[in-house]
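This report walks through one structure, from a surface patch to the sheet, the helix and the charged pairs. Have the sequence and the model open while reading.

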Amino acid sequence: MLTATDEAAFIKVNDNGPGIPETVRARVFEPFYKVDASRGANAKRGFGLGLSIVADIVHGHGGKIVLDENRPTGLVVKVDLPRGLVAA
């Protein structure tokens with residue numbers, strides 16, 4: 001979902017997967033970090049770069065990225081970008 005105000009644009013992505021334990025959420029922004037592969041078949045895929053790259057781009061543009069729980073399962077990724085960076 002994409003929404004905007006005069007000051008910022010907000011992107012929110014929800015999933016219904018197994019989620020990420022709160023104790024390791026900050027680490028998913030580290031390059032090559034992958035949550036425990038025993039959590040499911042899909043956990044073995046990828047290189048642990050996706051959220052790291054997104055966070056670098058968002059921070060490089062003066063924005064912020066936050067992870068929240070998507071109850072009862074899953075994860076919510078919220079990205080806030082200063083409005084001047086997003087075409088109206």
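Leu2, Ile11 and Val13 make up a nonpolar patch on the surface of this predicted model. Together the three residues have about 270 Å² of accessible area. Leu2 belongs to strand S1, which covers residues 2–4. Is Leu2 buried or exposed? Its relative accessibility is 60%, so Leu2 counts as exposed. Across the sheet, Leu2 stands opposite Ile11 of S2.

The strands S1 and S2 are antiparallel and pair over three bridges. They are part of an open sheet of four strands. In which order do the strands of this sheet lie? The order is S1-S2-S4-S3, and the pairing is antiparallel. S1 and S3 stand at the edges. Each has a single partner strand, so one side of each is left without a neighbour in the sheet. On average, neighbouring strands are turned by 20° against each other, direction ignored. In general, strands of a sheet pair through backbone hydrogen bonds, either parallel or antiparallel.

**The helix**

Helix H1 lies across S3 and S4. Its direction runs at about 135° to S3. Leu51 is a residue of H1. With 24% relative accessibility, Leu51 counts as partly exposed. Which residues does Leu51 contact, leaving aside its neighbours within four places in sequence? They are Val28, Phe29 and Ile65. The C-alpha atoms of Leu51 and Val28 are 6.5 Å apart, while the two residues are 23 residues apart in sequence.

**The salt bridges**

Side chains of opposite charge can pair when their charged atoms come close. How many salt bridges does the structure hold? There are three.

| Arg25 | Glu69 | 3.7 Å |

Take the pair of Arg25 and Glu69, with its closest N and O atoms 3.7 Å apart. Why does this pair tie together parts that are 44 residues apart in sequence? Arg25 lies in the loop between strand S2 (8–15) and helix H1 (50–60), whereas Glu69 lies in strand S3 (residues 64–69), so the bridge joins these two parts. Arg25 counts as buried because its relative accessibility is 13%, under the 20% cut-off. Glu69, at 37% relative accessibility, counts as partly exposed.

Lys78 counts as partly exposed, at 34% relative accessibility. Asp68 counts as partly exposed too, at 27%.

Arg27 has 38% relative accessibility and counts as partly exposed. Glu30 is partly exposed as well, with a relative accessible area of 34%.

Methods:
Residues are numbered from 1 along each chain as its sequence is written. This is a predicted model: local features need pLDDT of at least 70, side-chain atom pairs count only at pLDDT 80 or more; totals for chains, interfaces and linings use all residues. Side-chain values use heavy atoms; hydrogens and water are left out. Patches are made of residues with over 30% relative accessible area and no salt bridge: like charges are joined within 9 Å, nonpolar side chains (Val, Leu, Ile, Met, Phe, Trp, Tyr) within 5 Å. Accessible areas come from the Shrake-Rupley method with a 1.4 Å probe; for residues, only the protein chains shown count as cover. A salt bridge is a side-chain nitrogen of Lys or Arg within 4 Å of a carboxyl oxygen of Asp or Glu. Buried means under 20% relative accessible area, exposed over 50%, partly exposed in between (1.4 Å probe, protein chains only). Two strands pair if DSSP finds at least two bridges between them. Axes are lines fitted to C-alpha atoms, for helices over the stretch in contact, and angles run from 0 to 180 degrees between N-to-C directions. Contact means heavy atoms within 4.5 Å.
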